[in-house]
Structure formats: structure tokens, C-alpha cells
Amino acid sequence: MSEEEKERRKKGISRRKFLTYTLGGTGGFLASVMLYPMVRFAVDPVTKKGAEAEFVDVGPVDEFNETYKSVQFSIKQEDGWYTPKEGMKLTAWVRKNPNGEIVALSPVCKHLGCTVTWEGNPQFKNEFFCPCHFGRYDENGVNIPGTPPTAPLDMYETKVENGRLLLGKILPRTGV
């Protein structure tokens, strides 16, 4: 190799360096193209602001008495990226207690999330019953000691406007 050729190589980029930079840049670009959607998928729900819970009309207050009544209603709720057009269907057990106050309980058992029913077992009158593991709650939704549930049934926030009962968000109960 002549001196002139050596001098030219010192000033420019070698073929090896050129290929290293090109392949490294291409690999980095392809990796970022693949990783961006995955990172965005994982982070997107965290960055979205949640909507405040709205109250839902479930009927006239006069329809409710001291006997529990199952009420079904729908709320608008986004589940990750999906929002059902008809809304999310929920259920509540509603009654007026002896003091005339409205009580709205969630039907979700605190043991394993099964659905409880009012007087669901003829053996246990005036109690909520969970058929999954024989969970029992008293008429106020408080778990009966010695049965699987570890906490009382959650309650819905309630308010009355113009003679109509409105249910809001679920208020968790940990102990009574």
C-alpha cells in the first residue's frame, strides 16, 4: 500500500466502520419501531384521566320498602381502551331500612367475587347467601362470623332527587 493510499484512508471512513454504523442504526430503528407500541400499550391507561362517577336513576323511591329488591342499571365506564355502547351492567340490592333510610348493597361476595342473593337459601331466612362457598351476610350486609366472607358487602352511594333514587359509586366497607 502506498503512502498516498494510507493518507486517503486516514481522512475518510473505512468500509468496516460504515457497515457497523449502518447496521447499528438500522437495528436501533427497527427495535424502537417494535418497542414503541408495546410501551405505549402498557403506559396509556395510566396517563388517562378517569371520569368522575355519575349518579344513575334506578326508579321512584316509593317502589322500595323494607324488603330487598334487585335493581339492574347501566353506567358508562371505559375498560382500558374499550367503552361498551350499552354501558356496563351493574346490580344492587336496595331497600329502606326501618329508619326509612335507603340502603343499596353490592351483590359481589367479598370472599371470591360470586353473586349473593337475598334469601338465596331457604335454610337461611333474612340473609344474603353466596352459593359458591356458603357465604352468609346478615340483613345489613355484614358478614356472619364462621362463614367464608372476610368483610361486609360494599354499599352504593345514594341520593334522592325529585322523588327518584339515584345510585353513585361503590363505597367499600372493610369492617362494621
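This is a predicted model: local features need pLDDT of at least 70, side-chain atom pairs count only at pLDDT 80 or more; totals for chains, interfaces and linings use all residues.
Student: How many helices and strands does the protein have?

Tutor: The protein has two helices and nine strands. Both kinds of element are DSSP runs numbered from the N terminus, with helices (H or I) of at least four residues and strands (E) of at least two. The order from the N terminus is α-α-β-β-β-β-β-β-β-β-β.

Student: What share of the residues is buried?

Tutor: Of the 176 residues in the protein, 29% are buried. Buried means under 20% relative accessible area, exposed means over 50%, and partly exposed lies in between (1.4 Å probe, protein chains only).

Student: Turning to the rings, how many aromatic pairs are there?

Tutor: A search of the whole structure gives six aromatic pairs. Rings of Phe, Tyr and Trp (its six-membered ring) pair if their centres lie within 6.5 Å; planes under 30 degrees apart are stacked, those over 60 are edge-to-face, and the rest are tilted. One of the pairs is Y68 with F128, which is edge-to-face, at 4.8 Å centre to centre and 65 degrees between the planes.

Student: Where in the chain do Y68 and F128 sit?

Tutor: Y68 is in the loop between β1 (56-60) and β2 (69-75), and F128 is in strand β6 (residues 128-130). The two are 60 residues apart, and their pair links distant parts of the chain. Y68 is buried, with a relative accessible area of 6%, and F128 is buried at 0%.

Student: Why does the pair of F73 and Y156 count as edge-to-face?

Tutor: The ring centres of F73 and Y156 are 5.6 Å apart and the planes stand at 75 degrees, so the pair is edge-to-face. This pair also links distant parts of the chain, with F73 in strand β2 and Y156 in strand β8 (residues 155-161), 83 residues apart. Both F73 and Y156 are buried.

Student: Which residues do ring pairs link into a cluster?

Tutor: The cluster consists of Y68, W93, W118 and F128. W118 also has F128 as its bridge partner in β6.

Student: What sheet does β6 belong to?

Tutor: β6 belongs to an open sheet of three strands, in the order β5-β6-β7 with antiparallel pairing. Its edge strands are β5 (117-118) and β7, each of which pairs on one side only. Two strands pair if DSSP finds at least two bridges between them, and two bridges join β5 to β6.

Student: Changing topic, where is T147, and is it buried or exposed?

Tutor: T147 lies in the loop between β7 (135-137) and β8. T147 is buried, with a relative accessible area of 15%.

Student: What does T147 contact, leaving aside neighbours within four places in sequence?

Tutor: With those neighbours left aside, T147 is in contact (heavy atoms within 4.5 Å) with F134, G135 and R136.

Notes:
Residues are numbered from 1 along each chain as its sequence is written. Side-chain values use heavy atoms; hydrogens and water are left out.
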